[in-house]
Amino acid sequence: MEQRIKFTEIGKDALAALYPVGRYLKQTTLDQQLLHLIYFRVSQINGCAFCLDMHAKDLRAGGETEQRLYVLDAWEEAPFYSDKERAALAWAEALTKLDSTLVPDEVYKKATEHFSEKELVDLTLAVTTINTYNRFNIAFGAPVGTYKVGQFA
C-alpha cells in the first residue's frame, strides 16, 4: 500500500500523546517478550503489515522461535504456548475482535489466573494501544519493511 499521509510527520503531535503509554508499558511487571507476542497477534488480526514486520523483528531479536511465529495464528491448537501466553492471547483477541459487549467470563477467569488486577489493566492498555497504532498504519499506510530493531526505543 502506498502511504496516503505521512502521519508520523503531519500527526506528530497526535502520536506524541501515545509515546508516554509505550514508556509506561516498558516499566510494568509484564514480560516485554509477551507484550511483543500480543502486539504481533493483534496486528495479525488487524492485518497491519508494518506492525507485523516490526514485532516479528523485535520478537526474533528477543529470542523467539520461527515456529512459534509461524503458528501464532493457530495458538489455541499448537502445543508450544504456555498457559499464561494462552490467557494473554485470548484476552487480546477478545478485546480486539469485540464479538460481544463484554469479554467472555471464561476468558476473564483464565486471565485472572495468570495476571494480577494491575497486570490485567496494563495488559488491556497494551492491547488497546497496539490496536490504535494498527489503525493509524491501516488508515494512512506505512513504509512496510523499513523498521530496524530498537528504532522506537
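Predicted model: local features only at pLDDT ≥ 70, side-chain atom pairs only at ≥ 80, totals over all residues.
Residues are numbered from 1 along each chain as its sequence is written. Local features need pLDDT of at least 70, side-chain atom pairs count only at pLDDT 80 or more, totals for chains, interfaces and linings use all residues, and side-chain values use heavy atoms, without hydrogens and water.

**View 1. The annotated domain, residues 23-94.** An unreviewed UniProt entry gives these residues as "domain: Carboxymuconolactone decarboxylase-like". Such annotations may be inferred rather than shown by experiment. The stretch is 69% helix and 0% strand. Its end C-alpha atoms are 24 Å apart. Helices (H or I, at least four residues) and strands (E, at least two) are DSSP runs, numbered from the N terminus.

**View 2. Helix α4 against helix α9.** Helix α4 spans residues 32-46 and helix α9 residues 117-140. They pack at about 45°, with axes 9 Å apart. Axes are lines fitted to C-alpha atoms over the stretch in contact, and angles run from 0 to 180 degrees between N-to-C directions. Among the α4 residues that meet α9 are Leu35, Ile38 and Tyr39. Their partners in α9 include Leu123, Ala126 and Ile130. Contact means heavy atoms within 4.5 Å.

**View 3. The aromatic pair Trp91 and Tyr108.** The model has 5 aromatic pairs, with ring centres within 6.5 Å (six-membered ring for Trp). Trp91 and Tyr108 are tilted: 6.1 Å centre to centre, 45° between the planes. Planes under 30 degrees apart count as stacked, over 60 as edge-to-face and the rest as tilted. Trp91 lies in helix α7 (residues 83-97) and Tyr108 in helix α8 (residues 105-114), so the pair ties together parts 17 residues apart in sequence.
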